[in-house]
Amino acid sequence: MQIAASSRVFVTDRDEKIYGVLAEFATPAALYHAAEQVRDAGYSKWDTFSPFPIHGMEEAMGIKRTILPVLVAIGGFSGAGLGFLMQSWMSAVDYKMVTAGQPYLAWQSFVPITFELGILLSAFTCIIGMLALNGLPRWNHPLFKKERFLRSSDDKYFVCIEAADPNFHPEKTRALLEKAGATSIELVEE
Amino acid sequence: MSSMHANPSTLLSADNITLGSAGAPAGKGLGTGLVAVGVLLAAAGLGLGLSKGGSTAMHAMAAFTVGVMSVIAISLGCLFFLMVWSLLNAGWGATIKRQFENVASLLPIAWLGLVVILIIEIASKGLMLQWLRPEFASDYLLAKKAVYFWGVGGPGDLPLFFIARTLFYGAAWWYLTHIVVGNARKMDATSDPATAAKLAAQVRFTSAWGLPVFALTLSFAAFDYLMGVDFKFFSTMWGVYYFATAAFSGLGFVAVVLAVLLGKGKLRGVVTEEHFHDLGKLMFAFTVFWAYISFCQYFLYWYSNIPEETAFYLHRKTLGWQYLGAFLMIGHFAVPFLFILSRHVKKVRGLLMATGVWFMIVHVADIFWVVRPMVYPTGDGPGLGGAHLDVLGIGGVLLAFLGLVIAKVGSLPLVGVNDPYMGEALEHKNYV
């Protein structure tokens with residue numbers, strides 16, 4: 001569930017909360033140029049949907065780079081560092097035992113586990129961080145109620161601007177999408 | 001989708017893709033000069049050492065070997081990427097391929113360094129290659145390994161199998177570069193796409209069987225001229241170790257060449273930050289690969305602690321060599337790993353160029369670490385007093401190689417304009 005950034009709540013005639021406006025486009029090029037216009041109009045809570053990845057869509061949508069790599073780096077280095085500390089503490093402090101005539105603090109033997117824990121924690125941070133940043137997992141999405149939207153996995157291209165966006169306005173947002181060349185526009189209820 | 005499509009004909013205009021003025025190849029004087037100085041220095045180093053004999057001769061020979069094996073690694077690394085791209089149908093590299101070709105084309109010349117080593121070693125009865133020495137003629141381990149060195153006969157005879165192998169490396173490397181690089185040159189001369197496609201197909205066919213040949217010749221050259229310095233030592237990792245450093249140094253060297261060319265105002269819009277980004281990814285990958293391979297080799301020997309294996313590391317963990325080893329762990333792995341981990345750094349030409357220069361330093365230090373500790377095994381060396389021999393031998397070979405690269409880069413268009421993948425490479429972008 002998206003939490004509205006503003007206190008404004010839009011409802012339909014039947015008193016249903018509005019999730020956003022869904023606009024359909026006929027071609028990838030139309031979607032690309034529509035995305036540029038939505039971006040330039042200053043919207044932040046919106047997304048595009050297409051059956052296949054469209055090259056350059058990140059720039060057309062003005063998507064900023066994710067912070068996931070930074071999180072993964074923190075996870076990975078913490079994993080490696082903690083792994084090394086754990087083994088050092090175990091072998092040289094907590095339970096000293098001579099193994100193969102090597103010193104207690106034989107860093108060579110710590111490397112594989114240090115490496116593995118680095119990998120493990122970066123992989124966990126990566127998958128959990130990705131899910132969290134995407135707002136996943138979730139049971140359902142308002143867009144799935146729209147029959148038309150199912151064609152986003154076949155041959156149609158969509159823009160959805162959410163009502164939670166501070167710039168959202170039922171008429172103005174609709175007008176913008178019309179101007180951008182949408183072939184059909186509809187309201188999506190939550 | 002982007003509206004920023006630049007016109008290929010302006011990007012590939014003669015001014016943008018040739019060094020110097022029309023018709024007059026650039027860098028010929030500088031290149032020839034460097035080659036002359038380099039060869040003189042290397043010859044002076046060898047002459048100085050060999051005339052003194054004993055450990056000093058060994059020292060000079062070791063320095064020369066370090067130089068030769070370093071530049072062979074750089075050329076082999078470049079040849080490797082050309083063959084792999086051809087096999088994988090990789091298009092993005094078409095605009096940077098020419099510089100890989102320039103460096104790879106020097107492989108047969110670099111191989112001549114091996115011939116020089118071979119002749120001096122046989123004539124001197126094993127300056128560096130100890131198995132040639134009469135003192136080891138009755139060694140038990142050498143008798144067991146005699147077939148690999150001599151084929152027929154044994155200590156005291158001419159090492160026929162060893163000589164034949166070296167000649168085979170030369171023939172294989174000449175043929176592979178002749179096809180892989182030569183066909184790219186032929187493409188320059190044709191404007192017919194069908195002919196270009198045919199030439200590219202021949203490169204692919206050659207790469208398919210050439211890659212195993214490449215792997216075997218690289219491994220055995222590394223066995224013969226690096227691992228063979230101590231015939232009692234053996235490592236099944238050795239071929240991979242040399243390959244790792246070859247791919248590592250080839251990438252670093254080309255990154256520097258490309259950055260210099262862009263700094264001269266060439267290749268604008270042809271080699272973009274996207275190409276540097278991908279080059280940087282490969283450099284990062286082989287930084288990690290080298291660390292992985294070299295640690296694995298060390299770890300197994302440290303762990304099993306068998307005398308004939310640990311001798312190699314004992315030499316390199318005593319008498320001050322441990323500091324060079326520590327430098328390699330930090331400089332060859334930790335520093336580049338942390339530095340080019342960031343996506344931003346890979347895209348900035350100047351930063352990637354600095355990384356490439358650093359790669360060259362640690363690459364030579366790596367080969368130095370392999371060869372040089374064997375010269376004064378008991379630590380009775382002249383210390384820094386003998387540094388001039390290292391400078392002459394290593395510096396001479398590197399300078400000559402650099403001169404050859406400069407002359408080569410200046411003599412040809414900076415990209416293969418008729419490459420079938422050129423269009424794809426000009427539009428290349430990392431969409432993640």
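Visitor: Among contacts in chain B between residues at least 6 apart in sequence, what percentage join residues at least 24 apart?
Guide: The model is predicted. Chain B has 17 helices and zero strands. Among its contacts between residues at least 6 apart in sequence, the share that joins residues at least 24 apart is 81%.

Visitor: Which radius of gyration does chain B have, and does the globule rule give a value that agrees or disagrees?
Guide: Along the principal axes, the C-alpha atoms of chain B fill a box of roughly 75 × 40 × 40 Å. Of its 432 residues, 44% count as buried. A compact globule with 432 residues would have a radius of gyration near 22 Å, and the value for chain B agrees, at 22 Å.

Visitor: Are H4(B) and H9(B) roughly parallel or antiparallel?
Guide: The axes of helix H4 (residues 54–88) and helix H9 (residues 193–225) of chain B come within 9 Å and cross at roughly 160 degrees. Angles over 145 degrees count as roughly antiparallel. The crossing angle therefore makes the relation of H4(B) to H9(B) roughly antiparallel.

Visitor: How do the residues of the contact of H4(B) with H9(B) divide into nonpolar, polar and charged?
Guide: The crossing of H4(B) and H9(B) is left-handed. H4(B) contributes residues including B:Met69, B:Leu76 and B:Phe80, while those from H9(B) include B:Val203, B:Arg204 and B:Phe214. The residues of this contact divide into 12 nonpolar, four polar and one charged.

Visitor: Where does B:Asn89 lie, and is B:Asn89 buried or exposed?
Guide: B:Asn89 is not a glycine, yet its phi is positive, at about 60 degrees. The residue lies in the loop between H4 and helix H5 (97–104) of chain B. Since 12 or fewer C-beta neighbours are required for the exposed class, and B:Asn89 has 9 other C-beta atoms within 10 Å, B:Asn89 is exposed.

Visitor: Is B:Lys125 buried or exposed?
Guide: B:Lys125 also has a positive phi, near 55 degrees, in a residue other than glycine. Its place is the loop between helix H6 (107–123) and helix H7 (140–150) of chain B. With 12 C-beta neighbours inside 10 Å, B:Lys125 counts as exposed.

Visitor: In what order do the elements of chain A run from the N terminus on?
Guide: Chain A has five helices and four strands. From the N terminus on, these elements run β-α-β-α-α-α-β-α-β.

Visitor: Why is chain A said to be more spread out than a compact globule?
Guide: The C-alpha trace of chain A spans about 80 × 35 × 30 Å along its principal axes, and 24% of its 190 residues count as buried. For 190 residues the globule rule gives 16 Å. The radius of gyration of chain A is well over that value, so the chain is more spread out than a compact globule, at 25 Å.

Visitor: Which peptide bond is cis, and what is its omega?
Guide: A:Pro137 is in the loop between H4 and strand S3 (157–162) of chain A. A cis peptide bond joins A:Leu136 and A:Pro137, with omega of about -5 degrees.

Visitor: Which elements give two or more residues to the side of chain A that touches chain B?
Guide: Eight residues of chain A are in contact with eight residues of chain B. On the side of chain A, the residues divide into five nonpolar, three polar and no charged. The elements of chain A that give two or more residues are helix H1 (28–40) and helix H4 (107–133).

Methods:
Residues are numbered from 1 along each chain as its sequence is written. Chains are lettered from A and ligands numbered from 1 in the order in which they are written. This is a predicted model: local features need pLDDT of at least 70, side-chain atom pairs count only at pLDDT 80 or more; totals for chains, interfaces and linings use all residues. Axes are lines fitted to C-alpha atoms, for helices over the stretch in contact, and angles run from 0 to 180 degrees between N-to-C directions. Angles under 35 degrees count as roughly parallel, over 145 as roughly antiparallel, 65 to 115 as roughly perpendicular and the rest as oblique. A crossing is left-handed if the near helix is turned anticlockwise from the far one by less than a right angle, and right-handed if clockwise. Two residues are in contact if their C-beta atoms, placed from the backbone, lie within 7 Å. Ala, Val, Leu, Ile, Met, Phe, Trp, Tyr, Cys and Pro count as nonpolar, Asp, Glu, Lys and Arg as charged, and the others, Gly among them, as polar. The radius of gyration is taken over C-alpha atoms; the globule rule is 2.2 Å times the number of residues to the power 0.38. A residue is buried if 20 or more other C-beta atoms lie within 10 Å of its own, exposed if 12 or fewer, and partly exposed in between; C-beta atoms are placed from the backbone.
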